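The following report treats the strand and helix packing of the model shown here.

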Amino acid sequence: MTAPPVGLATALENQLKHPKSGVPALVAYLTAGFPDRSAFPDLLRSVARVADAVEIGVPFTDPMADGITIQRTSRIALEDGVTLRWILDMLESVGRLEAPVLLMSYVNPLLAYGWDRLTDRAAEARVAGLIVPDLPWEECRPVRHRIEGAGMALVQLVSPLTPEPRLKTLCAASSGFVYAVTTTGTTGGEGNFAEIEDYLGRVSRHSAVPVCAGFGIRNALHVRQLAQHLDGVVVGSALLEVIERGQDPVRFLRSLRPAPSS
Amino acid sequence: MTAATWPDARGRFGEFGGRYVPETLIGALQRLDLAAHEALADKRFGEALSLELESWVGRPTPLTRADRLGKAWGIDLWLKREDLAHTGAHKINNAMGQALLAQRLGASRVVAETGAGQHGVAVAAVCARLGLPCTVYMGAVDVERQAPNVQRMRLFGAEVVPVEAGDATLRAAIDEAMRAWVSDPEGTFYLLGSVVGPHPYPWLVREFQRVIGIEARRQFIQRTGVLPDACIACVGGGSNAIGLFHPFMDDPVELIGIEAGGASSVTHGRPGVLHGCYSMLLQDNDGQVLETHSVSAGLDYPGVGPEHAFLNISSNAYYYIVDDAEAVRALEECCGLEGILPALETAHALAGARNYGREHPGASVILGYSGRGDKDLDILAGVGQ
């Protein structure tokens, strides 16, 4: 028996509130098993050294919220035989990571694995939380308490189109952090953050947990624009494209955040 | 509660259905749900739709007694002729209904997916008539095998976008249409063509397709004075089948859905979530959605409408499989004996009726004759070689 994993979600919240270096906190997204299964554990270790949290994307055949980059990396991972089972085994064997890990998955691979088995195994693999883009508030209620009961966070996503009363509910219900989608559209677009200050301000006001923005965040300028409005940023497609080009993901992540001013 | 009263307020048919979509789409779906309920309760909306269905679509469609084919198969066979509706398939009923809703909601453009191209053609035609800009996503494989329909859509002014992603068929087209919708959920109206997807679509599409069963039931009773023994229709997503079945749901009539051999999600699937709803799904043990392979582009889909999943599990309807060869043989018999060329999708229902006749000689059957087969001539030429 492993010890009850209470506190993984809380540790995640603390990490995002107190980033390793500079602000905002950096949440790095990696498609599990990309670029290939054998290279992934080392990639994960090195990214976890720089990032404040790592989202590991469970590849799915029909990623409807994702743009072409994550569609492509997901397909490559699936062709390489990446499954949720492989991901959890890998996480158990990879050893202690220097950042908390979340799983980002469409709901069907989780359903196929089974919620009970998932909460047991994910806690053993020290998964701090789940992000499920196609499991909106109404549909997550039957499983929410089971996930949080296992000490894991269930991150709620909000969008600029979420109306105020619903925004309040989602922010209050979220654990780990609130994932503020910056824009309508899929992942991997080009950020335009000119008119979302008001939205991000409202999300922050309603949230007891940290707020991280994602979708379309590609460079240091984007990060700087957003830094004052929230606790963290999620970088996914841009990071995967760096890896695809054979460039150094750690260097890229470091370049996103201005050095802390003394 | 009878089977006919589902879905509940959460869009569930028993355990199936629901709304598994990104948060960005929730508001659009709630608005659509509300607007659809208001519209369907609005007498003026109903009159406008009826007028279009009568004067432009050509409803009611006939119920044809297929004397020679019925005799060959040992049944009393009646064909509900959706092939005679404008654009050649039942898809136009839903396309017109939803496009009028889009107009009512003030949408600036319409996006749609299409498999065989019948839904795409229907949407393109309706959008031309109502003056709505329209983009149709179609799997690249389907663009290839249903070329005449692509040409028709373009003539009607639609932009046809071939989708290379995934398996490049209907399911990839839905993925892409949903992505387009997620990018602009407030200005774009997603005109979904089957009884699949997130709530309210399975309900909404059914409401616009019920006209098939309402007419067929009335026509059959007028001609014979009784109810049929069975209703048979093909099931991909399942819109023509639900449309035919639903008005018979409280009758002592057997309801039979026919799935394509390479895409039999009700028969061989397991519950799962694809395209926003929980239903029966062809998937592997890890929850990855499987590629399907059917000669019929319209049935080539790994999921099925949640109401069919519910009707199956509650034994309110029965589902059987027909393979490509059986379907093509039934198509040829229908051509030779009745002088009507069915779509390959419809041919699956016909083969199902022939199989049903072996078990139930003399039974009376209404067959959902969902569409015409001109679009499939190239495929048939390939099959014949």
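Two strands are taken to pair if DSSP finds at least two bridges between them. Helices (H or I, at least four residues) and strands (E, at least two) are DSSP runs, numbered from the N terminus. This is a predicted model, in which local features need pLDDT of at least 70, side-chain atom pairs count only at pLDDT 80 or more, and totals for chains, interfaces and linings use all residues. Residues are numbered from 1 along each chain as its sequence is written, while chains are lettered from A and ligands numbered from 1 in the order in which they are written.

In chain A, strand β6 (residues 178-181) and strand β7 (residues 211-214) pair in the parallel sense over four bridges. Within this pairing, A:Tyr179 has A:Cys212 in β7(A) as its bridge partner. Eight strands of chain A, in the order β1-β2-β3-β4-β5-β6-β7-β8, close into a barrel with parallel pairing. From one strand to the next, the twist averages 25 degrees.

Helix α2 (residues 40-50) of chain A packs on the sheet, where it touches β1 (25-31) and β2 (53-57) of chain A. Contact requires C-beta atoms, placed from the backbone, to lie within 7 Å. Angles run from 0 to 180 degrees between N-to-C directions, and axes are lines fitted to C-alpha atoms, for helices over the stretch in contact.

| Pair | Angle |
|---|---|
| α2(A) and β1(A) | about 170 degrees |
| α2(B) and α4(B) | roughly 140 degrees |

In chain B, the axes of helix α2 (residues 43-57) and helix α4 (residues 91-104) come within 10 Å. The two helices, α2(B) and α4(B), are therefore oblique to each other; angles under 35 degrees count as roughly parallel, over 145 as roughly antiparallel, 65 to 115 as roughly perpendicular and the rest as oblique.

Methods
Contact = placed C-beta atoms within 7 Å.
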